[in-house]
Amino acid sequence: MRWLLGLLATVFILAIAGVGAVLYGFYHFGRGLPDYDYLADYEPPVVTRVHAGDGRLLAEYARNVRVFVPIEAIPKRVIKAFLAAEDKNFYEHPGVDFVSLLSAIAINVKNYGAGRRPVGASTITQQVAKNFLLTNEVSVERKAKEAILAFRIERSLSKDRILELYLNEIYLGFGSYGVAAAALNYFDKPLSALTIGEAAYLAALPKAPNNYHPIRRHEAAVERRNYVISQMRRNGFISPAEGDAALGEPLVTRSTSASDVASADYFAEEVRRHLLRQYGEGALYEGGLSVRTSIDSRLQAMADKALRKGLEDYDRRHGWRGPVATVPVVAGWGDALAAIPPPKGLGTWRLALVLQSNDKDARIGFADGSLGSIPYAEVKWARAWLEDQRFGGQPKSVDEVLKPGDVIPVEPVAAGEDGEAYPEGSFALRQIPDVGGALVALDPHTGRVLAMSGGYDPQMSEFNRAVQAKRQPGSSFKPFVYLAALDSGYSPTTQILDAPFVIDQGAGLGKWKPSNYTNKFYGPTPMRIGIEQSRNLMTVRLAQTVGMEKVVEYAERFGVVEGMQPHLSYALGAGETTLLKITAAYGMLVNGGKRIEPSLIDRIVDRHGKTLWRHDMRPCEGCNPSSWNGGPPPAIPDTRAQLVDPASAYQIVSMLEGVVLRGTGRRIAELGRPLAGKTGTTNENFDTWFIGFSPNLAVGVFVGFDQPRTLGARDTGSSVAAPIFKDFMGEALDGKPIVDFRIPPGVRLVWIDHDTGVRTSPGARGAMLEAFKPGTEPGTVRTVLEGGVPSGDADAGSSAAAGPRPPVATGGSGLY
């Protein structure tokens, strides 16, 4: 009895000591632990996703790629897979699973010295404590703190909230944080579409994603997945039949489908800059914004294609600048070729080494050991490049251009320009353009940017020439000079003297003598021809008569040039602008003179679904779906400001249509559609432009070197930029119904002679319908605008002087 009492006393004392040790441990390790209360309202950093107008993914911005999914939206099979793999008793234990802990201790003692990986017993709650509140330090102290925090978290948060935090926070490899991001990155699926086998594979990853890589360590990945499936079956989470089917599934990952992703790198970067300016770094990279942009994926692909082709065509016309590098043609040349880094902008082309060349072809080799040939027809464009974008004569043989050892870009070709098929393994010589350019397309009625290509390749330069390059627009600015005149009482048939024009610029500055591109003078000419043929002297004379102050006002009203000076040279496009600004201004011409703001973003929504910003702010009474009774759609008011007389805007549109039909842009008329626009070329052909539109699409093209220099003596907006506009418009409008330019009420269409501007009859040689405002129709007498200071009648508020009055109609009502 004495022995028994002694034993019981010892057990009691040890129990008291144990409880005391536990309590002391709680006290000692529980001091200064991180605050866990914030987990109740914790919102993990979430990826910001940018989508195209058709819903396709454009870009993602995040420090950690994570898509947050509420626990209610996570499928049961995914939850069960993770419980089977990580914590089967999750919904029963108080934060620490003592049964699993004792089992793990027994197994680890048994396996001690056998070289096996120790078995862990951390619960999901403990992992939440570690991931959110502690470090990854391996120590008894950290494990003790982890257990204490787990108990506290369990008392503070619901089981579902803990599981929600865990499933959205864990790292699962492939740059994926959380189960939703992992489902997309591994299988290109939402969580709801995962199979049992796929869910089990994701559940196999938390402890060591790299150890179960689906490609590099496929067998280990399948084995670990199958273990999770077996655990799901053993714990009754799935039926035996479901388990057998899941075990038989192949483990196949899928990259994101191309049909789900849009490519618009320059556009996406401009959106990123906007979001960064507007909302800051935290919201952009962690805030989980959902951004719906205006980009049209179909038009964007066409824009990229047209711009790249146009820049390549220009570059080819100006000669061959030489090989990328040279490599000796000796044993091991393949390794030497493979060591050459691909030049930026190479794209889908390949680097090849010239092995042999003669007059008819060149033999080439690739880094993988394959061979090919380049026929003379695919080399004859490669004239020698000369300074100032000049070029030598056409080469007479291949070996004039290509020498053994040259490393060159090539592209496979199946047939020549004449359609004759080449032998298999034929390639064409290519060259990465060094010229820059941009293309913008927007909706002229809303300002929504539908396509934006800011250069040949963003890998070569992230500089977006559509929005960041400020360049002189040249003659593409002239429509705003003519618009100011039309709003001042002049008409498309106003006669303007095309003759020498000289202005003394002041002491020491000499005289300014503008000239036409042809260096000729044409005498009195209708205003329409002045813009169709891009006559500089007529434009300057008109600007001087109307007044440069008014021209400046119109330039600023349409947002073309900011801070423009009232100097006559600015009437010829000497001020600086961007392609996006001037394209939007042209859009305001074709939409009837109503203000639009170019916009890249339609709507921005935060992670909770609240709209932070939208482009279309028009009020809409009755737009609530619940209140619509199935009748006609509600009318939405037009809140756009009217900038000019709609009749003046249409007159400019009609004159710009003449540029396409008869003027500097006539090559575009081959498309056989109502199109209008204006070329632009600056001094010494540094910059070339074509800005134009159809009734529902405004498009601008710019081509020029980033460091301004001549594009060539004969390279103008008509020969460089206009072909790009034509290629894009031809594809963009293909299959679309033909729509005529809209004529506003009150405009009178009168038959006139195109060359003289006087009335004529339908069917007469040179007859055309011209647009007039009531009371400005031409008669039989021509009044010639000779220049001078603005007249009081033509420009109210200016001092009256020697300039002529606007022509006054002397005939009848005109023909429609």
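The protein chain exposes about 38200 Å², and carbon and sulfur atoms supply 54% of that area. Accessible areas here come from the Shrake-Rupley method with a 1.4 Å probe, and for residues only the protein chains shown count as cover. Please keep in mind, everyone, that this is a predicted model: local features need pLDDT of at least 70, side-chain atom pairs count only at pLDDT 80 or more, and totals for chains, interfaces and linings use all residues. Residues are numbered from 1 along each chain as its sequence is written, and side-chain values use heavy atoms, with hydrogens and water left out.

Of the 816 residues in the protein chain, 49% count as buried. Buried means under 20% relative accessible area, exposed means over 50%, and partly exposed is in between, with a 1.4 Å probe and protein chains only. For secondary structure, the protein chain has 20 helices and 27 strands; these are DSSP runs numbered from the N terminus, helices being H or I with at least four residues and strands E with at least two. If you like contact order, here is one for you: among contacts between residues at least 6 apart in sequence, 69% join residues at least 24 apart. A contact means heavy atoms within 4.5 Å.

Met1 is found in the segment before helix H1 (2-30), and Met1 is exposed, with a relative accessible area of 73%. Met1 also belongs to a nonpolar surface patch of about 720 Å², made together with Trp3, Leu4, Leu5, Leu7 and Leu8. The patch rule takes residues with over 30% relative accessible area and no salt bridge, joining like charges within 9 Å and nonpolar side chains (Val, Leu, Ile, Met, Phe, Trp, Tyr) within 5 Å.

Now for a covered helix. In helix H8 (residues 196-203), eight of the eight residues are buried; among them are Ile196, Glu198, Tyr201 and Leu202. What do the buried residues of H8 pack against? They pack against helix H2 (76-86), helix H7 (179-187), helix H9 (218-234) and helix H10 (240-247).

On to the strands. An open sheet of three strands runs in the order S19-S16-S27, with mixed pairing. Strand S19 (523-526) and strand S27 (784-785) stand at the edges with a single partner strand each, so one side of each has no neighbour in the sheet. Helix H16 (residues 536-546) packs on this sheet and touches S16, S19 and S27, its direction making about 120° with that of S16. Those axes are lines fitted to C-alpha atoms, for helices over the stretch in contact, and angles run from 0 to 180 degrees between N-to-C directions. Strand S16 (residues 495-498) pairs with S19 in the antiparallel sense over four bridges, and Gln495 has Pro526 as its bridge partner in S19. Two strands pair if DSSP finds at least two bridges between them.

Elsewhere, strand S25 (residues 748-753) has five of its six residues buried. S25 pairs with strand S26 (residues 767-772) in the antiparallel sense over six bridges, with Trp751 opposite Leu769 in S26.

Next, charges. A salt bridge is a side-chain nitrogen of Lys or Arg within 4 Å of a carboxyl oxygen of Asp or Glu, and by this rule the count comes to 39. Asp368 and Arg350 meet in one, at 3.5 Å from N to O. Asp368 lies in the loop between strand S8 (361-365) and strand S9 (371-375), and Arg350 in strand S7 (residues 350-357), so the pair ties together parts 18 residues apart in sequence. Asp368 is exposed at 58% relative accessibility, whereas Arg350 is partly exposed at 32%.

Arg448 and Asp602 form another, with the closest N and O atoms 2.8 Å apart. Why does this pair tie together parts that are 154 residues apart in sequence? Because Arg448 lies in the loop between strand S14 (436-442) and strand S15 (449-453), and Asp602 in strand S20 (residues 601-605). Asp602 is buried, at 19%, and Arg448 is partly exposed, at 23%.

Glu553 and Arg557 come to 2.2 Å between the closest N and O atoms; both lie in helix H17 (residues 548-557), four residues apart, about one turn of the helix. There is also a network of salt bridges linking Glu269, Glu270, Arg272 and Arg273.

My last stop is Thr716, in the loop between strand S24 (697-704) and helix H20 (717-732). Thr716 is buried, with a relative accessible area of 12%. Leaving out residues up to four places away in sequence, Thr716 touches Tyr517, Thr681, Asn685, Thr688 and Ala721.
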